[in-house]
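The dialogue below concerns how a strand and a pair of helices may be read from a model. Please keep the sequence and the structure in view.

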Amino acid sequence: MKKAMVIGCPGCGKSTFSRALHEAVGLPLYHLDMMYWNADRSKVPKLVFMKRLSDVMEKESWIIDGNFTSTLELRLQACDTVFFLDYPLSVCLEGLQMRKGKERPDIPWVETDDTEDPEFAEFVRNYNAVSRPAVMALLGQYSFKNVYIFKSRDEAGEYLAQLRCKKER
C-alpha cells in the first residue's frame, strides 16, 4: 500500500480510521475537508481545491480521507487501496453527535449544536439510498484495486490491529 483513500458516510469515522491507518503504516495523511474548507465554513475556490488535491496525489505515497464525490473517480484512478467504511446509518448519526464540541485535525472548525446544517443532515440520512449505490458501482469498476469494505467499526479495528502486529514484527 502506497496510495490509499478512505471513504464512507459522514460520521462513520473516516478520519479516526485514517489516523490509525497512518500510525500503523506511516503513510502521510491528508484530509479533503482541510483542502476544501476555510475556518469560517466558506469553501475555497474550486481551482484552489483541485490544485491542493492534485499536489497531494502527485506525491509518492498518501492516505486521503474524505468523500467529495466530484473527485472520487480521480482518486480511485490514482490510488492502489480503498477503504470503504460501509456502516449503518445509526452508527454514522451517532458519530456525528460524538464529534460535536471537539477540536479535530481533519476539519478547520469545531462543530457545535448551533451549527447544524439541514442540507448536510439530509445528505447523511440519504447516503445509503443515494450515494452508496454510486460508490459501490465505482468500486466495481475499480475492483482490480485493493478494496476493503468494512461493515462495522469492529471489522475495521481488527484490520488495523493486524497491521499494527505486522509492523511490530
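Q: Which residues point one way from β1, and which the other way?

A: Lys-3, Met-5 and Ile-7 point one way, while Ala-4, Val-6 and Gly-8 point the other way, and all are buried. Buried means under 20% relative accessible area, exposed over 50% and partly exposed in between (1.4 Å probe, protein chains only). The model is predicted, so local features need pLDDT of at least 70 and side-chain atom pairs count only at pLDDT 80 or more, whereas totals for chains, interfaces and linings use all residues. Residues are numbered from 1 along each chain as its sequence is written, and side-chain values use heavy atoms, without hydrogens and water.

Q: Why is strand β1 largely enclosed by the rest of the structure?

A: Strand β1 (residues 3-8) has 6 of its 6 residues buried, so the rest of the structure largely encloses it. Strands (E, at least two residues) and helices (H or I, at least four) are DSSP runs, numbered from the N terminus.

Q: Which strand does β1 join through 4 bridges?

A: Two strands pair if DSSP finds at least two bridges between them. β1 runs parallel to β3 (residues 62-65), with 4 bridges, and Val-6 stands opposite Asp-65. β1 also pairs in the parallel sense with β4 (residues 81-85) over 5 bridges; there, Gly-8 has Leu-85 as its bridge partner.

Q: At what angle do helices α1 and α7 pack?

A: Two packed helices are described by the angle between their axes and the distance between the axes. Helix α1 (residues 14-25) packs against helix α7 (residues 153-168) at about 15°, with the axes 9 Å apart. α1 is therefore roughly parallel to α7 (angles under 35 degrees count as roughly parallel, over 145 as roughly antiparallel, 65 to 115 as roughly perpendicular and the rest as oblique). Axes are lines fitted to C-alpha atoms, for helices over the stretch in contact, and angles run from 0 to 180 degrees between N-to-C directions; contact means heavy atoms within 4.5 Å.
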